[in-house]
Amino acid sequence: IGPLQDAQQAIKLVRDNAVKWGLDKTKIGIMGFSAGGHLASTAATHFEKSYIENKENTNLSPDFQILVYPVISMTNALTHGGSKDNLLGKNPADEDVELFSNELHVKANTPIAYLTHTADDTTVDVDNSIQYFEKLRKNKVDAEMHIYPKGGHGFIFKYAGWMIPLSDWLERNNLLKK
């Protein structure tokens with residue numbers, strides 16, 4: 001729960017200070033890469049329960065999520081073993097595996113999403129992104145996904161062009177400050 005508490009506290013801090021910092025409090029997003037993608041998707045699917053003190057009842061849901069070669073699932077069929085071991089331990093309870101398999105928690109109120117991955121990622125299986133996208137689509141959550149054929153895990157360090165469709169998505173969804 002600790003990483004989710006950190007994410008919720010970060011969203012609360014930014015949302016509570018948005019006006020003071022010149023931000024639009026209705027456009028607070030979360031972005032994560034690899035295991036950080038798991039945290040971002042956890043924040044986007046587990047926001048209805050506050051894991052932090054929230055007397056002000058601040059909205060803890062990100063308004064959008066950007067997931068880059070994300071770990072999504074803790075199920076044996078999909079997960080990245082190291083991420084699962086680090087988050088849940090070597091022998092996690094079935095309830096914890098289910099709780100942190102974020103594809104199982106997508107609902108109609110899940111924030112809009114942008115996903116990108118490569119088909120040849122041997123570290124985090126691209127099916128994490130594909131299955132999450134499919135759950136978003138089936139729940140009628142706006143989502144866009146870009147899968148590049150090659151580049152492996154960490155492809156963003158080799159291919160700067162990945163930011164172009166992301167920038168377009170941010171602009172189309174009116175998420176950039178003018």
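This is a predicted model: local features need pLDDT of at least 70, side-chain atom pairs count only at pLDDT 80 or more; totals for chains, interfaces and linings use all residues.

Residues are numbered from 1 along each chain as its sequence is written, and side-chain values use heavy atoms, with hydrogens and water left out.

The structure contains 10 salt bridges, a salt bridge being a side-chain nitrogen of Lys or Arg within 4 Å of a carboxyl oxygen of Asp or Glu. One of them joins Lys12 to Asp16 at 2.6 Å, N to O. Both residues lie in helix 1, four residues apart; helices here are DSSP runs (H or I, at least four residues) and strands likewise (E, at least two), numbered from the N terminus. Lys12 is buried, at 7% relative accessibility; buried means under 20% relative accessible area, exposed over 50%, and partly exposed in between (1.4 Å probe, protein chains only).

Lys12 also forms a salt bridge with Glu56, with the closest N and O atoms 2.8 Å apart. This pair links distant parts of the chain, since Glu56 sits in the loop between helix 2 and strand 2, 44 residues from Lys12. Glu56 is exposed, at 53%.

Which helix is largely enclosed by the rest of the structure? Helix 2 (residues 35-45) is, because eight of its 11 residues are buried. Among them are Gly37, His38 and Ala40.
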